[in-house]
Amino acid sequence: MLYRSLISHPGTNVTVLDMFDRSASLQPLWKQVEGFTEAIYPIMQNAADGVHLICYSQGGLVCRGILSTLPDHNVHSFISLSSPQAGQYGDTEYLKYLFPQFVKSNLYHVCYTAVGQKISICNYWNGEWMNGSENRPNPNSTAWKQNFLRIKKLVLIGGADDGVITPWQSSQFGFYDENETVVEMKNQKVSIISFSRLCVCLCVYVYIYIYIYSGVKKCWPSS
């Protein structure tokens with residue numbers, strides 16, 4: 001997709017940011033948001049015509065944090081590639097790798113603590129609804145919503161063969177109801193972006209494109 005875009009638009013400047021790799025990816029998401037913001041903001045300032053963000057996996061959450069907290073960003077398109085935008089709740093190999101003593105039903109004992117919130121995955125572990133907890137909106141929600149809605153297009157890409165994101169529909173803001181039945185974004189009463197108390201309502205001001213691809217799998221841990 002990126003290659004085809006470069007052919008269609010020769011001369012496009014492409015910047016790949018190599019930060020928070022491997023074990024550093026487990027650092028708190030807000031710390032990663034701050035680090036990437038510091039690196040991306042000068043690029044935005046030098047791009048008079050605006051920029052497009054292509055963000056993969058957990059990076060999609062980081063990019064969303066950047067878009068929500070930068071009041072003057074000039075991002076036209078946010079392409080979220082296989083990112084757990086609605087959170088994560090499932091017994092997958094990566095969960096067993098990081099938390100071998102826990103399963104999805106009791107991981108909240110770790111994640112919803114001060115210590116757990118220092119681990120990036122716990123920042124978007126979405127099991128509160130299973131345990132009777134309430135996800136309270138952040139007092140900055142209104143400002144974050146306005147900042148996020150500066151984008152023109154939101155592209156959500158995911159598929160059933162992901163193997164890590166659970167449910168995989170989280171890549172397109174779908175998530176479980178109280179019976180662990182997936183409710184797609186369009187069928188939810190309110191479409192909420194939830195990321196460590198970062199809540200933004202998706203409204204009609206943004207064009208949303210949803211793409212589902214099969215046969216694409218994540219590898220964990222990466223070699």
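Of the 223 residues in this chain, 43% count as buried, where buried means under 20% relative accessible area, exposed over 50% and partly exposed in between, using a 1.4 Å probe and protein chains only. This is a predicted model, so local features need a pLDDT of at least 70 and side-chain atom pairs count only at pLDDT 80 or more, while totals for chains, interfaces and linings use all residues. Residues are numbered from 1 along each chain as its sequence is written, and side-chain values use heavy atoms, with hydrogens and water left out.

The secondary structure comes to 7 helices and 8 strands. Here helices (H or I, at least four residues) and strands (E, at least two) are DSSP runs, numbered from the N terminus. Take contacts between residues at least 6 apart in sequence: 69% of them join residues at least 24 apart. Contact means heavy atoms within 4.5 Å.

**Confidence**

The average pLDDT (the predictor's confidence in each residue, from 0 to 100) is 83 for the chain, and 81% of the residues score at least 70. Confidence is highest in helix α2, at 96, and lowest in strand β7 (residues 198–201), at a mean of 44. Two stretches deserve a mention. Residues 1–7 have a pLDDT below 50, and beyond near neighbours in sequence this stretch has 5 contacts in the model. Residues 191–201 also sit below 50, with 48 contacts counted in that way.

**Helix α3 and its two partners**

Two packed helices are described by the angle between their axes and the distance between the axes. The axes are lines fitted to C-alpha atoms, for helices over the stretch in contact, and angles run from 0 to 180 degrees between N-to-C directions.

| Pair | Angle | Axis distance |
|---|---|---|
| α2 (residues 29–45) and α3 (residues 58–69) | about 65° | 9 Å |
| α3 and α7 | roughly 105° | within 6 Å |

Start with α2 and α3. They are roughly perpendicular to each other; the scheme calls angles under 35 degrees roughly parallel, over 145 roughly antiparallel, 65 to 115 roughly perpendicular and the rest oblique. Their crossing is right-handed, which is to say the near helix is turned clockwise from the far one by less than a right angle, with anticlockwise giving left-handed. On the α2 side the contact uses L29, W30, Q32, V33, F36, T37, I40 and M44, and on the α3 side Q58, L61, V62, G65, I66 and T69. By class that makes 9 nonpolar, 5 polar and no charged residues. For the classes, Ala, Val, Leu, Ile, Met, Phe, Trp, Tyr, Cys and Pro count as nonpolar, Asp, Glu, Lys and Arg as charged, and the others, Gly among them, as polar.

T37 is a handy residue to look at in α2. It is buried, with a relative accessible area of 15%. Leaving aside residues up to four places away in sequence, T37 touches P42, I66 and L70.

The α3 and α7 pair is also roughly perpendicular. R64, L67, S68 and T69 of α3 meet A143, W144, N147 and F148 of α7, a set that divides into 4 nonpolar, 3 polar and 1 charged. F148 belongs to α7 (residues 141–148) and is buried, at a relative accessible area of 0%. The C-alpha atoms of F148 and L67 are separated by 5.1 Å, although the two are 81 residues apart along the chain.

**Loops worth a look**

The loop between α1 (2–8) and α2 holds F20, which has a positive phi of about 55° although it is not a glycine. P28 is found in the loop between α1 and α2 as well. At 24% relative accessibility, P28 counts as partly exposed. Its contacts, not counting residues up to four places away in sequence, are Q117, K118, S120 and N123. For P28 and N123, 95 residues apart along the chain, the C-alpha separation is 7.1 Å.

Further along, the loop between β3 (153–158) and β4 (175–176) contains P167. A cis peptide bond joins T166 and P167, with omega at about -10°. F173 lies in the loop between β3 and β4 too. Its phi is near 65°, a positive value in a residue other than glycine, and F173 is buried, at a relative accessible area of 2%.
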